[in-house]
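Visitor: Hi, I'm new to this one. Could you put it up on screen and walk me through it?

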Amino acid sequence: MPLFDASSIKKIAIHYVGNKSTDEGYVLSNQLIPITDQLQDILIRYLISPFKGDAFYHFYHEDGVKRNEVFQRVSNIFDNAECILDESASLAQLLYNATEHPNLNGGDFVVVYFDECQLNGETTSAVGLFKSEHTESFLKVAYSDEQFSSDYGEASGKAKVALTVDRGIATDKLD
C-alpha cells in the first residue's frame with residue numbers, strides 16, 4: 001500500500017472539465033496553485049485519506065502502454081515536473097473528450113505531483129489525477145480589520161463584519 005505520511009505536494013494544477021455531450025466546455029488554468037503549509041495539510045488529508053488498501057490500476061493500450069495518451073502525459077510529468085501545467089491541460093482535454101455520457105457531471109480536475117511517497121518500501125514520486133464533481137454551500141465570515149487578540153479573549157478593536165454564502169469543495173470527503 002502506498003504511504004503518503006511523509007509526502008508533500010510539490011505542484012498542483014486545477015482545471016474545470018464539463019460534460020462534452022451537454023456542451024459545458026472546459027476551463028484550463030494558466031497557472032499552478034501556490035501551496036501554503038495550511039493548504040498542503042488540507043490537500044494531503046483530502047486527497048489521500050479516502051484510499052485504504054492496495055487498489056492499483058494500470059494503463060492499457062492494445063498497441064502497447066506507451067501509446068496510451070494518459071500514460072504519455074503522466075510520464076512527461078515524471079520526466080520534468082515543470083511541465084505539469086501543460087500536461088495537466090492536455091489531460092483535462094482528454095477527459096473532456098471522453099465525457100460523453102449525459103449523466104456525468106462537470107467538475108474540478110486536479111493534477112498533483114507528490115514527492116517522498118513510499119511504495120513497496122521504496123521512496124518515489126507520484127502523480128495523482130482527481131476529479132471532484134460536487135460542491136457544497138458554506139458560510140464565509142470576513143472582517144474588515146483583524147484587530148483581535150490571539151486568544152479571542154477581550155475585544156481589542158471593532159471591525160465591519162460580512163457574511164456571505166459561497167460554494168466550494170468539501171474537504172471532509174472525496175467524491
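Visitor: Which residues line the second largest pocket?

Guide: The lining is made of Ile12, Ile14, Ile33, Leu39, Ile42, Leu43, Tyr46, Leu47, Asp108, Val110, Ile169 and Thr171. A pocket here is an open set of points on a 1 Å grid over the protein atoms alone, where a 1.4 Å probe fits, with protein on both sides within 12 Å along at least five of seven lines; lining residues have an atom within 4 Å of a point.

Visitor: Where do those numbers come from?

Guide: This is a predicted model, where local features need pLDDT of at least 70 and side-chain atom pairs count only at pLDDT 80 or more, while totals for chains, interfaces and linings use all residues. Residues are numbered from 1 along each chain as its sequence is written, and side-chain values use heavy atoms, with hydrogens and water left out.

Visitor: OK, back to that pocket. What volume does the second largest pocket have?

Guide: About 320 Å³, taken as the space filled by probe spheres set on the grid points, which are joined across faces, edges and corners.

Visitor: And which element gives the largest share of its lining?

Guide: That's α1, with five residues. β1 (8–17), α1 (37–48) and β3 (107–119) each supply at least two. Helices (H or I, at least four residues) and strands (E, at least two) are DSSP runs, numbered from the N terminus.

Visitor: How many of the lining residues are nonpolar, polar or charged?

Guide: Ten are nonpolar, one is polar and one is charged. Ala, Val, Leu, Ile, Met, Phe, Trp, Tyr, Cys and Pro count as nonpolar, Asp, Glu, Lys and Arg as charged, and the others, Gly among them, as polar.

Visitor: Let's zoom out. How many helices and strands are in the chain?

Guide: Three helices and six strands. Along the sequence, the pattern reads β-β-α-α-α-β-β-β-β.

Visitor: What's the strand order in the open sheet?

Guide: The open sheet has four strands in the order β2-β1-β3-β4, with antiparallel pairing. β2 and β4 (122–132) are at the edges with a single partner strand each, so one side of each has no neighbour in the sheet. Strands count as paired if DSSP finds at least two bridges between them.

Visitor: How many bridges join β1 to β3?

Guide: Nine, in the antiparallel sense. One of the pairs is Ala13 with Val111 in β3. β1 is joined to β2 by two bridges: Tyr16 is opposite Val27, and Val17 is opposite Tyr26.

Visitor: What about β3 and β4, how many bridges there?

Guide: Ten, again with the strands running antiparallel. Phe109, for example, has Lys131 in β4 as its bridge partner. Their hairpin has two residues between the strands, and Asn120 takes a positive phi near 55° in it.

Visitor: Is β1 largely enclosed or open, and why?

Guide: Seven of its ten residues are buried, so β1 is largely enclosed by the rest of the structure. Buried means under 20% relative accessible area, exposed over 50%, and partly exposed in between (1.4 Å probe, protein chains only). Across the chain, 29% of the 175 residues are buried.

Visitor: Where is Asp23, and what is its phi?

Guide: Asp23 is in the loop between β1 and β2 (26–27). Its phi is positive, about 55°, although it is not a glycine. Asp23 is exposed, with a relative accessible area of 68%.

Visitor: And Glu116, is that buried, exposed or partly exposed?

Guide: Glu116 is partly exposed, at 40% relative accessible area. This residue is in strand β3, and its phi is near 65°, a positive value in a residue other than glycine.
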